[in-house]
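Here's a quick briefing on one protein model.

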Amino acid sequence: MKKFRIASLALILLLFVSLLPVSALAVYQPEIGAEAAMLVDAATGEVYFEKNADRTVQPASTTKLVTALLVAEAIDRGDISLSDMVTAYDDCQYNMDEESSNAGPVIEPGEELSVEQLLYCAMLASANEACNILAEYVSGSVSAFVEAMNARASELGCTGTHFTNTNGLEDAGHYTTASDFALLTREALRHPLVLQICDTLNYSVPATNRNDARALMNTNSLLNPDSEYYFEYAYGLKTGFFTAAGYCLVSAAEKDDMDVVCVLFGGRELGDQFADSLTLYHWLFENFTNQQVLSTTATIATIPVELGTSDSTGVRAESTVSAILPNDYDTTRIGYQYRLYHEAEGQTALTAPVNAGQVLGEITVVELDDSNQVVRTFGSSALVATASVDMSRMEYLRSQIKDLFQKPVVRRVITILIIALAVYILLIFFYYIQRIRHLRSLREAKRERARRLIEQEADWLDIPGDEPREPSIDYFGSDEPEPPPAEEKRFDSLGDDYFDSFFKS
């Protein structure tokens, strides 16, 4: 009986689990001990995991990543160069105490190092004095450089960040958020120099005018093959710590075409920042894949073409769009929003010739919710023609003629010509009517003259015959006329012959 109950409960549990959404089973939310965290796509900023992302925290020495960003931008502008030799100014150890991390040994006032060597000291050994020296060299003073750091953060869209120093030493007014620092980190990664330095495990600084050679080692255990926290797919970026801030780590990792940035602040114990980062990386790479959401082979739309040897052409994406998605992602939620340039200009069709690969519009891939509202954007691509369409000479001539007749001037000229032709036809019509009337009047006149001549000739002729008789009287009221005398019939016959011969002549 007990076995039966256990089996029943197991079946009920399996049934309940089978009714859960698949995504709820596959993509669990990982547990980490950090106070705040963000796991985002390095290129797009797409968020895959967050914890207290907008909570204000102190970034500790991860601040040095922003210092390196501004130095790299100064190099790109040509304001300074990597090979520039810099002399440490007198107050280069400003805001440092005996426990502050330094270049080991600490850089002394008057010591000369190159910009490149100072960057390695700042990012690998977390040398606070190196940051101050670089700031003074780039901006003329540490305070001016800090102002530039705050301005750059605002430009990038940071709303919860404020810096008071170049190195992240404890200060109540020096703070940021995980979401803001993800923005700053993604911007820093756009500079190969920053990535190269932050991803270096060991670096040697030659002897200077004040100190012997320095052997620097990166404090990021994710990069150290001898560490228990080593992660072969990780690269960069910067660690940080002081008691109030906790253990911090900003890192990045790339695997299976997935490139992500992990920001962790407020780890409780030494090593937590590395363990939590590994937890997030393993969770992402095991449950997500980089999926293609837009291919370059699918025809997005068919566009009509005028004056061409073909009446249409297709459009396709010029480049693929991919997104990191859960392995069981519902692809029916993917939507496409595209715009064709000729339609935006009010045209209903393209005009030949059209070349294969010609850019005709743009497309954006989005995720839709159940009500077809856009939840997020995956990426965009240009739309190009799938095939060439040559111009048809016959269609072109036909179009030119049509366009010609559509011109107002030509239409006015044609109207005038039509009116002139109509007037001309009417004049001809009236002319022929008058001519017919004239000819008829001439014929009538000829006939009249002929009659007169016949009558005159009849008077001249002496035609024998009986004397005229009085008309007979029909006493019985007969309506039949009496037959004409023979002489009269003869005269009429003669007159008709003369009349006919006259007209024939």
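**Pocket and sheet at a glance**

Strand β7 supplies the largest share of the lining of the largest pocket, five residues. This is a predicted model, where local features need pLDDT of at least 70, side-chain atom pairs count only at pLDDT 80 or more, and totals for chains, interfaces and linings use all residues. Residues are numbered from 1 along each chain as its sequence is written, and side-chain values use heavy atoms, leaving out hydrogens and water.

**The pocket**
- A pocket is an open set of points on a 1 Å grid over the protein atoms alone, where a 1.4 Å probe fits, with protein on both sides within 12 Å along at least five of seven lines; lining residues have an atom within 4 Å of a point.
- The largest pocket is lined by 25 residues, and Ser-61, Glu-99, Ser-101, Phe-241 and Phe-242 lie nearest its centre.
- Two or more lining residues come from each of β7 (234–242), β8 (246–255) and α9 (272–287); helices (H or I, at least four residues) and strands (E, at least two) are DSSP runs, numbered from the N terminus.

**The sheet**
- Five strands form an open sheet in the order β2-β1-β9-β8-β7, with antiparallel pairing (two strands pair if DSSP finds at least two bridges between them).
- β2 (47–51) and β7 stand at the edges with a single partner strand each, so one side of each has no neighbour in the sheet.
- β8 and β9 (residues 258–267) pair in the antiparallel sense over eight bridges.
- Lys-255 has Met-258, in β9, as its bridge partner.
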